[in-house]
Amino acid sequence: MAILVTGGAGYIGSHTCVELLNAGMDIVVIDNYYNSKPEALNRVKQITGKDFKFYECDIRDRTGLDKVFDENKIDAVIHFAGLKAVGESCKIPLAYYENNVSGTVTLCQAMADHGCKRMVFSSSATVYGNNKVPYNEEMSTGEVTNPYGRTKYIIEEILKDLYASDNEWSIALLRYFNPIGAHETGLIGEDPNGIPNNLLPYIAQVAVGKLEHLNVFGDDYETPDGTGVRDYIHVSDLAVGHVKAINYITGRTGIDAINLGTGNGFSVLQLVHAFEKACGHKIPYVVAPRRAGDLAYSYANPDKALRLLGFKTERDIDKMCEDTWRWQSNNPNGYDN
Ligand code: NAD
Ligand code: WQD
C-alpha cells in the first residue's frame, strides 16, 4: 500500500514526501518537472535515508497514470500537481484551466477506474475571496479574483460533485494559507523560477544579494502598520498536516474542507523584521503601489483542523525565517548549485 504524491518534486510536495516517509508510509511520486527539479527528490532521499518510486508523468496523461496505478497498489492520492502563479494565470488562463482542472479530472477518472477513492487535495485560502477574517470553512467561496484561484474553487466543486455521485470517496480539501520556510536541514526549500512572485522568496533573494531591494506593495491598508497581513505557515507544519489528513480520510468516507494555517497574521514589515533577525542584516525595501487583487488581511480560523485532524502548527515565524535563510544561504541558486 502506498500514497501517490502528484507534484511531489515541488516545494510543498517534497516537504510532504519527507514527513510521509518519516511517518513510515510508502510513497510513489509523479511529477512532470514543469516547476521542479530531480535534485529535490534526491535530497528527500538524503534527508530520510529512504527510497521510493518516481514516474516522470503528467497528470493529463491518462496512459501514464494507468501505468502508475497498474504497477503499484495505491491507497490514496495527495494531489499537489498544478500551476500556481496568480499573475501568470491572468495572462494564460486556458493553460491553468487545462493543467489544473482538466488534469484533476483525468486523475480522478484514473483513480476511480483503479478503485482508489481517497484524495487529499491542495486547495488554497484564495477560495475565500473577500470574506471577513478569520476565514472559517463554513464561509461562502468562489468570489475569487483570478483564474488561478478559480481553478481551486472549480476543483473543490468538482470533487464535491464526485462525492455526491459516489459516497465511497473520501476527500480532504486542504485550504493552505501562506506556506513559507524550508526543511530544517537546509537541503530542500522553495526554488522559484526567475524573479519570485511571493513575499518570502523575494525577501530571501534580497538577503542573499541576488535582488537589490524588496518592493512593499502598499503601506496604506487598514492594518496596524499599513502593510498586508497574512497567515504564514511553516512548510514542514503544512507537510505534517498532510500526514494527518491521510490518516483522517483512511477508514471513513466523506468530503471536508479544512484550513491549514496558524490563525495568526503577520504584516509585510513584521516579516521583513523577522527575516532581518534571522539573517543578521538589514533588508532594504521601498514602498511601491498596491498590487492588483491583494487584500489587506488573510488569516485562518484553524479550529477545524485541530478538531478533525488533531493538527496544530508548531513552528513560529522566527523558525520560518531561520529555516528559509539556511536553505537560501546554503543554496543561493536553489537546486542548480
Ligand atoms: P510547486 O510548483 O513547487 O509544485 C507543484 C509541482 O507540480 C511541481 O513540481 C510541478 O512540476 C508539478 N506539476 C505541475 N503541473 C503538473 C502536471 N500537469 N503533471 C505533473 N506534475 C505537474 O508548487 P507548490 O508551492 O509546492 O504547490 C503545490 C500545490 O499547492 C499546488 O497545487 C498549489 O496550487 C497549491 N498551493 C500552493 C500555495 C503556495 O503558496 N505555495 C498555496 C496554496 C495552495
Ligand atoms: C504576501 C504579502 C503582498 C511580494 C499568494 C496567492 C495565494 C497563495 C499564496 C497559492 C501581500 C506582499 C508580496 C512582494 C510585497 N498561493 N508582497 N512585495 O498574495 O497572500 O498569496 O500566495 O494558492 O493564492 O495569491 O502571497 O507572498 O504574494 O504576498 O509587499 O514582492 O506580501 O502585497 O500583502 P499572497 P504573497
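Which polar backbone atom is 2.8 Å from an oxygen atom of ligand 2? That one belongs to Leu199.

Hi everyone, a word on conventions before we go on. This is a predicted model, with local features needing pLDDT of at least 70 and side-chain atom pairs counting only at pLDDT 80 or more, while totals for chains, interfaces and linings use all residues. Residues are numbered from 1 along each chain as its sequence is written, chains are lettered from A and ligands numbered from 1 in the order written, and side-chain values use heavy atoms, leaving out hydrogens and water.

Let's stay with ligand 2. It is surrounded by 18 residues, the closest being Tyr148, Leu199, Asn215, Arg230 and Asp294; to be counted, a residue needs a heavy atom within 4 Å. For polar contacts, we take pairs of N or O atoms within 3.5 Å. The side chain of Tyr148 has an N or O atom 2.5 Å from an oxygen atom of ligand 2, and Ser124 places a polar side-chain atom 2.9 Å from an oxygen atom of ligand 2.

Now ligand 1, which has 27 residues around it. Among the closest are Asp31, Phe80 and, once again, Tyr148. A backbone N or O atom of Tyr11 sits 2.8 Å from an oxygen atom of this ligand.

Methods
Polar contact = N/O pair within 3.5 Å; in protein donor to acceptor, adjacent residues only side chain to side chain.
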